[in-house]
Amino acid sequence: MFENLNWWEIGALLLLALLIFGDRLPAVISDGLRMVRNLRNMARNATTDLSRELGTDIQLEDLHPKAFIRKHLLSEEDEQAIRKPLQGVYDNLRADVTGVHNELKDVAAAADLRSGSRPATATGAPAPAPAPRPSYDDAT
């Protein structure tokens, strides 16, 4: 929850909470923790009721539609039968993208302007330097 906050920001938030709530801060924290506990109990009770009604063991993570279908409705053979036609398309697409990536790396290496050398032409001679582009200020 707080993985992108550093210690200074957390300290500033705590100081701000202390300034806003003052002496009531411990009561506000305990009320917040009680609410989180009640929400967890409600979720646990709901999953228990749903599990009892469906006759299977359901965890809270299983309530995601994709995970629910994969775990409770499809067998491994059904899942493999669904994946098999798409796997070939995925492999072909991945090979094409890898080929394009390699070609782009080759072109970038050949046209690397940071190395200071000009790329060679088909005859082996260095390519001529590009002509300077005229600007609008030169024409006026």
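The bend at a residue is the angle between axes fitted to the seven residues ending there and the seven starting there. The model is predicted: local features need pLDDT of at least 70, side-chain atom pairs count only at pLDDT 80 or more, and totals for chains, interfaces and linings use all residues. Residues are numbered from 1 along each chain as its sequence is written, and side-chain values use heavy atoms, without hydrogens and water.

**View 1. Kink in helix α4.** Helices are DSSP runs of H or I with at least four residues, strands are E runs of at least two, and both are numbered from the N terminus. At Lys84, shortly before the proline Pro85, α4 has a kink of about 35°.

**View 2. Span and cover of helix α4.** Helix α4 covers residues 76-110, and its end C-alpha atoms are 48 Å apart. One of the 35 residues of α4 is buried (under 20% relative accessible area; exposed is over 50%, partly exposed in between; 1.4 Å probe, protein chains only).

**View 3. Nonpolar surface patch.** Leu13, Leu16, Ile20, Phe21 and Val28 make a patch of about 410 Å². Areas come from the Shrake-Rupley method with a 1.4 Å probe. Helix α1 (residues 7-21) gives the largest share, four residues. Val28 lies in helix α2 (residues 25-54) and is partly exposed, at 31% relative accessible area.

Note on methods. The expected span of a helix is 1.5 Å times one less than its number of residues. Patches are made of residues with over 30% relative accessible area and no salt bridge: like charges are joined within 9 Å, nonpolar side chains (Val, Leu, Ile, Met, Phe, Trp, Tyr) within 5 Å. A salt bridge is a side-chain nitrogen of Lys or Arg within 4 Å of a carboxyl oxygen of Asp or Glu.
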